[in-house]
Structure formats: structure tokens, C-alpha cells
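Dear colleague,

I am handing over the structure we spoke about, together with some notes on what came out of going through it. Please have it open while you read.

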Amino acid sequence: ESRDPNTCTATNPVRVFFPLCGKTVDMAHLALKNDQVAQVYGIDGVKKSLEVFASDHPELGIKETASSSKMNRFVGNGITLLNGDFFTLTSEDTDGRFEAIFDRASLVAIDPPLRKDYVKVMSNVIAPGGRILLVVLERADDKGPPFSVDEATVRALYESEDWVESVRKLEEDGEKKFNENDARGFQSRYFLIQAK
């Protein structure tokens, strides 16, 4: 049976994970205003980012809690933020796996030699049948971070994984070419990665 990639097939609220989350406001939106989301988790290596996020969103009631794991934990209403080394993350740290992962500018922040290790962590935390919404940047230069990640790189990283059912590029019809007037030369690309 093929899935409609534009339809949420979850019958129960899902758990959503934000790798290298920083202080993205998307986490607050999903934790507060979405009845299809059971819990939001994020991880970042910079504790200050999580503290600022907690301060910026008092309605979430986020407090740092004592933790016996290798991660510092910040827990609030519908949200848990972890502070620690992303590359050591396991599903035990996140209290289980995720039906949805929003990788918005995370893969592009990783040094290119560490990308396979990054994908390995994704395989450890995504639930069977889960989906990753991946947002990457293509750049006109090879500097970074953020590092340029093109479609061929995304496909090479994910299509070779035995847990991946498909990789689909989104918004092909509305795709824009590099804007020569954009001094940064950045272009966002969107992919949906479906786990088996």
C-alpha cells in the first residue's frame, strides 16, 4: 500500500524531534498549539541556547531537572530539551523513538566528515514508519557552516540506509535557481525521508 506523502497518517498524537534545535520557535509552536503532537524533544550542545529558549517561552514552564544520564534535561509542558553531545544520543536518552523528525538546518551544521555518524544517530531515534522533514542549503561557495548539502549528497547519505524506504525532494515545481543578487548564494531545499 503506498502512502500519500502529503497526509499525516498518525492515528495518535506523534512525538517530534528537533536535532541541534538551538532556540527555534517551531518547537514552541508544536508543543503548545498542535493536537497531533504528543511531545516535542530537542537536543543542542549549547546550554545557553536552551536557557534562552526557556526564557523566551515562559508559557512552556521549562525547568532544568536533575538527570542521571549524560544529558542535562530541561522539561516543560509538552517539551523536553536535552543538552549534550548529539553523537552519543540514544533512544534511551529521548525516552523512546520519534514518528517525526524536523531537521531544519541541522545536517548543514555538521562537518562533512561526520555526516554518516549523524545519519546513524537518526537511525537510532526514528520510529518504524517515521518521517524526517529535512531542510538543507545549497551554497554558491564551499564555505561553512552552514555547509552546502545538495540532492546527490542527501540521496547518498540516506538511500543507502536499510531503514530508509524512500527519499523524496519536495517542491520541485516551484524550485528557484540561485539568485545571483543574493550575496550569500543560499538556496533552501526540502526532502521527505520515509523510514520503513
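Predicted model: local features only at pLDDT ≥ 70, side-chain atom pairs only at ≥ 80, totals over all residues.

Helices (H or I, at least four residues) and strands (E, at least two) are DSSP runs numbered from the N terminus, and two strands are taken to pair if DSSP finds at least two bridges between them. On that basis there is an open sheet of 9 strands with mixed pairing, in the order β3-β4-β5-β2-β1-β6-β7-β9-β8. Its edge strands, each pairing on one side only, are β3 (63-65) and β8, and the twist averages 20 degrees from one strand to the next.

Within this sheet, strand β1 (residues 14-18) runs parallel to β2 and is joined to it by 5 bridges; V14 stands opposite V37, and R15 has Q39 as its bridge partner. β2 also pairs in the parallel sense with strand β5 (residues 79-83), again over 5 bridges, with V40 opposite I79. Strand β2 (residues 37-44) is mostly covered, since 7 of its 8 residues are buried, where buried means under 20% relative accessible area, exposed over 50%, and partly exposed in between (1.4 Å probe, protein chains only).

β1, helix α1 (residues 25-33) and β2 make a right-handed β-α-β unit, right-handed meaning that, with the strands pointing away from the viewer, the path from the first strand over the helix to the second runs clockwise. In α1 the buried residues are M27, A28, L30 and A31, and they pack against β1, β2, α2 (47-56) and β5, contact being defined as heavy atoms within 4.5 Å.

To come back to the aromatic residues, a search of the whole structure finds 6 aromatic pairs; rings of Phe, Tyr and Trp (its six-membered ring) pair if their centres lie within 6.5 Å, and planes under 30 degrees apart count as stacked, over 60 as edge-to-face and the rest as tilted. F17 and F98 are stacked, at 5.0 Å centre to centre and 20 degrees between the planes, and because F17 lies in strand β1 and F98 in strand β6, this pair ties together parts that are 81 residues apart in sequence. The rings of Y41 and F98 have centres 5.4 Å apart and planes at 65 degrees, so that pair is edge-to-face. Both Y41 and F98 are buried, and F17 counts as buried too, at 0% relative accessibility.

Finally, a nonpolar core is a set of buried Ala, Val, Leu, Ile, Met, Phe, Trp, Tyr and Cys residues joined through side-chain atoms within 4.5 Å. The largest one has 33 residues, of which F17, M122, I132, L134, Y158 and W163 touch the most other members. Apart from it lies another core, of 20 residues, including F18, C21, M27 and I79.

With best regards

Key:
Residues numbered from 1 in each chain as written. Heavy atoms only, no water. Axes fitted to C-alpha atoms, helices over the stretch in contact; angles between N-to-C directions.
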